[in-house]
Amino acid sequence: MTAVVISGLIVGLLYAIAGLGFVVIYRTSKVLNFAMGGLGAVVAYVASDLIDLGLPYPVVVLLGLLVGGLLGALLELAIARPLRDRPHLTVALATLGALLILEGLVGLRYGFAPQSLAPAFDRGVGLDVGPISISTNQLFVAGMGLVATVVLFAIVMRTRLGLGMRAVSSGPLTAQLLGVDVGRVRMSAWILGGVYGGLAALLVTPLTYLSPGSFTIFLLTAFAAVVLGGFTSVIGVVIGALVFGVATNLLLTYLDSSLISTYTFLGVALVLVLRPHGIFGRIERQVPEPSIPSRRRAPARRGARASVGRPGSTDGAAPAGPVAVPARLRLAGWAVLLVVLLVMPFVTDDRRLFLLATAFAMFVGVLGLNVLAGFSGQVSLGQSAFLAIGAYTAAVAVDRGLPPLVGVALALVVGGGAGLLLGLPATRLSGIYLTLLTLIFAFALPELIVYLKDVTNGASGLPLTPPEFLFVPANMYWFMLAAACAVGAGVMVLAGTRTGRAWRAVRDSEDGARSLGLKPAGVKLGAFTLGSALAALGGALGGLLVGFVGPDSYGVFVSIYALLAVVLGGSGSVFGSLLGALFITVVPDVTGGSGIPQNLLFGIALLLVLFLAPRGLAGLLERATLAALGFRERRAARAHGLEIGPERETVADPVLETPSSSDRQGSEALLRLVGVSAGYGVEPVLRELDLTVGKGEIVALLGANGAGKSTVLRTISGVIPADSGDLSWEGEPLSGWPRHQAAASARRGIGHIPEGRGIFPDLTVKENLDLGSFAAPSRSVSPEDLERVLGYFPILGDRLGQLAGTLSGGEQQMLAIARALLSRPRLLMLDEPSLGLAPLISQQVFNMMRTIADSGVSILLVEQNARASLALADRAYVLSRGRVVLSGPADEVAANPSLTGSYLEVG
Ligand SMILES: Nc1ncnc2c1ncn2[C@@H]1O[C@H](COP(=O)(O)OP(=O)(O)OP(=O)(O)O)[C@@H](O)[C@H]1O
């Protein structure tokens, strides 16, 4: 028993190392890095080469870690960075593409046959404790595991980089405003993740075997262990991995070891149902931040909004698309396709017909996954299991004497039932937890099939002989085509109904869907059930084609290929599913003899699509057809009565008084904006704005809701770029600063406390204050600085060890100001500092601003309490629809009769 626990702990440490690599990247970039499996494979093969060269083992390990780190950096540069403005799922899929490429390349270089990697030490006994003996290699693995865990814990909890990582994890924009170089932090995390992935591969491979895909299989199990523990903390990951390692070892020893994945699945399902964020995890609290659309995306989004749910959009509405395809054209496209498919049996040979029939069966399964992932936003990796359920249902039915077609019909029903059962817990989970549960299900099912050998004939499989008329290849083709047409048309019709709209509403925003009166869990469960039923049908059809079903045909990689087909073809598109299914069926057939690994081709295709054609091959084809027919975006949109981009504002801007000419003078100006226009999409929010802040001045920025006040602050601190005009800081242009503009401006002395304060709730008060050091001139917070700032806010001194999320609203505001002051800003911009504060606390905050200004720091204040801010300020600007309509000394602005009521209530 003790020996089992000890070896379980060692396996657990291995899971922990791999898991830490995952988590460090996930926390900072919100990307599930599937490419880690390929990275580990490269490291292990390089190590094997180096050992063959006769290098000493420590050198091999060091070089292996170096390769891991370099690959981590490469993945960040090539995938995470260019795709950083795209949804996290897209980036995760891109890492899946990278995984396939890395595995393919490794296979090309070293072959796919399993090999062994020598362990660091031989397996001789290293330690005898009573009856238990631990091998030297086990001791080595345990030692490395412990060191790796402690080192990562120290980095995350005790270093400046770790503090930056934790800040980026819960509020990347806010971290930037504090001077954290988010790009550099993320790069460091990917390097660290690569090193940990490499280390895990070096330690695991000698215990198992070496093949291009072996480390990926280990990683997927490690992933289960990590999510079980809780994805949010280093300690949670380690404890979860250890518990998982010991539990699976105990199960392997004392229960039937052939059902290990099934037990794992049941255990994980139970934990996730009871604790949806893992045993030790909790929901990571995020700093509320505005979502800033990237420039490139903005127009496409408008297009997407215009095209979703369009009547006549028979394809069930692609998720995004700048061009709305006229319904007639779409119908004509389908008609042409149908004609081509109908003439196929008369123009091609039996082999090709069989290939196409296979693609149609695959299409049914892929469309099932598209209903789940593309239409309703649930990424499942369990599709292979449902394909297996369908194939086996039909085969068992035939085995019991039922006609094959009845078996196929039963597959649909049983698949739907199984989907309903798994969906009940799964659809209540969000994001990666749903993916995880379905992934483990996919692992467990082939094993369960072998175990239930009385019914399934175990590893030998079962025949699934089709009815006699299907022995003729052309008949098989017609049959599969008819099934594909029926399913495709059914999903298209459904996508255009209330149900389809509900899927898309839940996919786009669960909260939004709830506000429309929908129940997201029910909608998702419906989609999950349908998706599973279609997968099972696809599985049964596939079984009929081959005439046989066996457990080996339904590994997890089949799920990955199905997901690949969805994305390649076009997520949320029926036509896309057909193209995707054709791609994954036909391409391997065409390239089979070339010696190029299939994964390499799939990976390259996936990356190309994700980078160049986010709507998949279907979108690409659609665009090409429209271009060939002379459609242009705006013309196509107008043909549908749609408008791309908002109407230009026609209401004249009321001008109270021309801005004071002193704005354009003021040689002592610290900050100067001249003719600045800026915004978030196509239309500017700020229009030709002039504004200055002098040294030591308090300037108030007033205006009604939506006038653009926060946008002015965001433009100054570089959160959004100015479209035109000049911004200068002490006479130097602001735009000349490096890329991470917000971090750069913080370091140059522009402090920006955003609306909502930007406090990191899961960091302590002291850690929040330490973040002030990132933009400080000395890049550190000296004890004197801390004492000076705590002198302003003594209450914070008593709360240094407390989590900032537990502070009162007033204390949080004080913390935000104190943190900003620690970076020694020369201009402090505050956005609604009194929002939600009791009058007395508000007054204290205002008094503090006066003291700060008296110490030489300029203040630009956006404040809803106009009377209080005018009383405090030296000068004021009044904004309306992004233009300055009144400016001057604060008392003159306050006295202006047209101010009251027109733009804001003074007082
Ligand atoms: N993150 C964003 N993405 C897209 N548009 C935005 C974003 N933030 C603001 N806007 C738009 O810019 C305009 C100005 O908003 P802004 O928040 O600057 O106004 P404000 O004067 O600060 O208003 P409030 O007092 O209500 O905060 C509004 O029309 C708003 O819809």
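In this predicted model, six strands form an open sheet whose order is β10-β11-β12-β7-β13-β14, and the pairing within this sheet is mixed. Strands β10 (750-753) and β14 (883-889) stand at the edges with a single partner strand each, so one side of each is left without a neighbour in the sheet. On average, and with direction ignored, neighbouring strands of this sheet are turned by 15° against each other.

**Pairing inside the sheet**
- Strand β11, which covers residues 827-831, runs parallel to strand β12, which covers residues 858-862, and five bridges join the two.
- Within this part of the sheet, L830 stands opposite L861, a residue of β12.

**Helices on the sheet**
- Helix α28 packs on the sheet, where it touches β7 (698-703), β10, β11, β12 and β13 (875-880), and the direction of α28 makes about 145° with that of β11.
- Helix α34, made of residues 839-854, lies across β7, β11 and β12, and runs at about 150° to β12.

**Surroundings of the ligand**
- The ligand is surrounded by 14 residues, of which the closest are Y680, N705, K709, S710 and T711.
- Sorted by class, the shell around the ligand holds six nonpolar residues, seven polar residues and one charged residue.

Methods. Residues numbered from 1 in each chain as written. Predicted model: local features only at pLDDT ≥ 70, side-chain atom pairs only at ≥ 80, totals over all residues. Near = placed C-beta within 6 Å. Nonpolar A, V, L, I, M, F, W, Y, C, P; charged D, E, K, R; others polar. Pairing = 2+ DSSP bridges. Helix = DSSP H or I, 4+ residues; strand = E, 2+ residues; numbered from the N terminus. Axes fitted to C-alpha atoms, helices over the stretch in contact; angles between N-to-C directions. Contact = placed C-beta atoms within 7 Å.
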